[in-house]
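I opened the model to look up a helix, the overall fold and a charged patch. My notes follow.

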Amino acid sequence: MTHSGERVDERTAMQIVTVYACVRLLSNTIAGLPLHLYRYTGDGEDKELATDHPLYKILYRQPNPEMSSFSFWEALMCHLLLWGNAYAQIVRDGKNEILGLYPLLPENMEIDRDPKSGDLFYTYHAYTDEKPGEHDKDIIFRRDEILHMILHREGINMHIYSDIFFPRSPLLFTVTIISITEIRIIMTDTIITAGRITA
């Protein structure tokens, strides 16, 4: 919530042309970069493309049957920029080999630590309509079942782990510092945004 009373969150911010343009530019640029998998060939720093590795196709070409590499990394970068965290489910087969990666919404994810074992686990609040009358379903993931990307390591939730979880998105963190009292978008020949920044 800004000082002007306007509610700003990750989704409403994307309705602002400037925010949308910045997020799209960064996410599209990163998603368009080739992601290769390498292996070291000796004791030195010599390396070669590991095209025969099972993960090469998943990371470089198609993380899952429903998404291209570009769309997958674009989604994760968008989540990372807006929420400060990006998550993907790691799907494995019976031999524990990775079959695919599926992005998960950061706003539906919670991280906690098992008080007995001390292991981290992820709780995903998923929406489902598979069963009549059942609208929300919590899915528990082990740490090795989730690919977790973190944008910031400051302001973390200390009761979880010092470098695991940044509980506030970069956008909402900025809102607490910058008060956007007025935003005007003039849809004529140019787009003009006006605002005031206060410390």
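I began with helix 4, residues 69-83. It has 15 residues and reaches 21 Å from its first C-alpha to its last, close to the 21 Å expected at 1.5 Å a residue. The expected span is 1.5 Å times one less than the number of residues. Helices (H or I, at least four residues) and strands (E, at least two) are DSSP runs numbered from the N terminus.

This is a predicted model: local features need pLDDT of at least 70, side-chain atom pairs count only at pLDDT 80 or more, and totals for chains, interfaces and linings use all residues. Residues are numbered from 1 along each chain as its sequence is written, and side-chain values use heavy atoms, with hydrogens and water left out.

Next I checked burial in helix 4. Its buried residues include Phe72, Trp73, Leu76 and Trp83. Buried means under 20% relative accessible area, exposed over 50%, partly exposed in between (1.4 Å probe, protein chains only). Just after helix 4, Gly84 takes a positive phi of about 85 degrees.

I then looked at the whole protein. I found five helices and eight strands, in the order α-α-β-β-α-α-β-β-β-β-β-β-α. Buried residues make up 28% of the 199 residues.

Last came the charges. Glu110, Asp112, Asp136 and Asp138 form a negative surface patch. Strand 5 (109-113) and strand 7 (136-142) each give two or more residues to that patch. Patch residues have over 30% relative accessible area and no salt bridge, with like charges joined within 9 Å. A salt bridge puts a side-chain nitrogen of Lys or Arg within 4 Å of a carboxyl oxygen of Asp or Glu. Glu110 is partly exposed, at 46% relative accessible area.

Technical notes: Patches are made of residues with over 30% relative accessible area and no salt bridge: like charges are joined within 9 Å, nonpolar side chains (Val, Leu, Ile, Met, Phe, Trp, Tyr) within 5 Å. Accessible areas come from the Shrake-Rupley method with a 1.4 Å probe; for residues, only the protein chains shown count as cover. Lys and Arg count as positive and Asp and Glu as negative; His and the chain ends are not counted. The place of a charge is taken as NZ of Lys, CZ of Arg, CG of Asp or CD of Glu.
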